[in-house]
Amino acid sequence: MNIQQIYDLIKRNTEEITTEEELKTLLMEKDSHPTAYIGFEPSGLVHMGWALVASKIKDLCNAGIKVTIFWADWHAYINDKLGGDIKDIRICAKYFEDCFIALGVPRDMINFKYASEILDSIDYWELVIKIAKVTTLSRVKRAMTIMGRSENEAEMDFSKLFYPILQAADIFYLNVDICYAGLDQRRAHMLARDAADKLGWKKPIALHTPLLPGLTGANRMDPLASKMSKSNPNDSIGIHDSPEEILTKLSKAFCPTEISEECVNPVLMICKNIIFPSLERISIDRPKKFGGPILFNSYEELTEIYFSGKLHPIDLKKGTAEALSRYLEPVQKYFNEHPQNLEAMRKVLAKLGKF
């Protein structure tokens, strides 16, 4: 691939790149593989929002970028995940590793790393102090939305104020060129870029993909509040759901024909960000009286027909459910052959009364 093709692959289905010019410069001037990182709090069973992220990680890997997948175990502890039990959080991280491999992320182009591997370094804590020194308290509190918390929750648990600074320090300690996440992590990345400006450090490029909305649809005024979440299994599709469960859930999903903004439509978002990048096409098996089977080779073809009224939402949902089940077949196969970490995770959730 040439530079433009690599750039287009990285940019595909992104919501924002800060900045595009910096990314182009990186691709032209970097001698070795550029590096990227994405961080996760180990926190429960995986839903289809992860498949969107896995799709973009595969894009990055195919573009020649070495990706670190960072298990933020102590961050999850601060954020009260899994009852605040660090052992259970690390059990979840091992299960998460399985999920990414099952979703087709190329193992030879990624590196799994734990926060606990770097928090014992004095160099790391020097970064924390320096970043904190150039960051205001009000900015840290505003950035707490990255952990699904409001500014006021810092008044109840002071440790939560550490979180945005730690996340910025992770980026600099790992010395990555690109920090990648969903749009909900934007404030942490902007905090890191601002600190880099003030401290004269290498500024990370921030790459953000959209958030997959819950099945009831996204709130256009606040898409962060309506993203797909494992805490509401009826509003989300899990990667372990059966084809029957997927069809049942998608049949009830919000899928308007009069709103062209795909970001509010979970069915179209699944098609654009998961089905087409992975399967490259979607086949919808309609009854003959409604037009018969139809094959779409691109997302643009699909939306053109859908918004023209020539494809019924029921048929779109059924075709999407069938494609999604096909996409998840390797996941089911992987966990049938490697059940240990999934079983351990389910025991953790059962102990917490969540499974």
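Reply: Helix H8 covers residues 162-174, a run of 13 residues. From its first C-alpha to its last it reaches 18 Å, close to the 18 Å expected at 1.5 Å a residue; the expected span is 1.5 Å times one less than the number of residues. Helices are DSSP runs of H or I with at least four residues, strands are runs of E with at least two, and both are numbered from the N terminus. The model is a predicted one, in which local features need pLDDT of at least 70 and side-chain atom pairs count only at pLDDT 80 or more, while totals for chains, interfaces and linings use all residues. Residues are numbered from 1 along each chain as its sequence is written, and side-chain values use heavy atoms, with hydrogens and water left out.

Is H8 enclosed or open? Of its 13 residues, 11 are buried, so the helix is largely enclosed by the rest of the structure. Buried means under 20% relative accessible area, exposed means over 50%, and partly exposed lies in between, with a 1.4 Å probe and protein chains only. The buried residues of H8 include Tyr163, Ile165, Leu166, Ala169 and Phe172, but also the polar Gln167 and Asp170. After the helix comes Asn175, whose phi is positive, near 55°.

Ala169 is among the 31 residues of a nonpolar core, together with Ala72, Tyr124 and Ala195. Such a core is a set of buried Ala, Val, Leu, Ile, Met, Phe, Trp, Tyr and Cys residues joined through side-chain atoms within 4.5 Å. In soluble globular proteins, nonpolar side chains tend to be buried together.

The largest nonpolar core has 85 residues, and those with the most contacts inside it are Met48, Ile57, Phe100 and Leu324. Helix H5 (residues 86-102) gives the most to this core, with nine residues. Beyond its neighbours within four places in sequence, Ile57 is in contact with Ile38, Val67, Ile69, Phe100, Val105, Ile110 and Tyr180, where contact means heavy atoms within 4.5 Å. Val53 has its place in helix H3 (residues 49-62) and is buried, at 12% relative accessible area. With neighbours within four places again left aside, Val53 is in contact with Ile38, Phe40, Phe100 and Tyr180.

Phe40 and Phe100 also belong to one aromatic cluster, along with Trp50, Trp71, Tyr95, Phe96, Phe112, Tyr334 and Phe335. Rings of Phe, Tyr and Trp (its six-membered ring) pair if their centres lie within 6.5 Å; planes under 30 degrees apart count as stacked, over 60 as edge-to-face and the rest as tilted. The whole structure has 19 aromatic pairs. One of them, Trp74 with Tyr77, is edge-to-face, at 5.1 Å centre to centre and 80° between the planes. Both residues lie in helix H4 (residues 73-78), three residues apart, about one turn of the helix. Trp74 is partly exposed at 32% relative accessible area, and Tyr77 is partly exposed at 40%.

Leu82 sits in the loop between H4 and H5. Its phi is near 50°, a positive value in a residue other than glycine, and Leu82 is buried, at 3% relative accessibility. Glu280, likewise not a glycine, has a positive phi of about 70° and lies in the loop between helix H11 (266-279) and strand S7 (282-284).

H11 also holds Phe276, a residue that counts as buried at 9% relative accessibility. Phe276 and Asn297 are 21 residues apart in sequence and 8.0 Å apart in space, C-alpha to C-alpha.

Asp241, in the loop between strand S6 (205-209) and helix H10 (243-251), is buried at 13% relative accessibility. Its side chain reaches the backbone nitrogen of Gly238 at 2.9 Å, and a polar contact of 2.8 Å joins the side chains of Asp241 and Lys249. A polar contact is a pair of N or O atoms within 3.5 Å; within protein, one must be able to donate a hydrogen and the other to accept it, and residues adjacent in sequence count only if both atoms are side-chain atoms.
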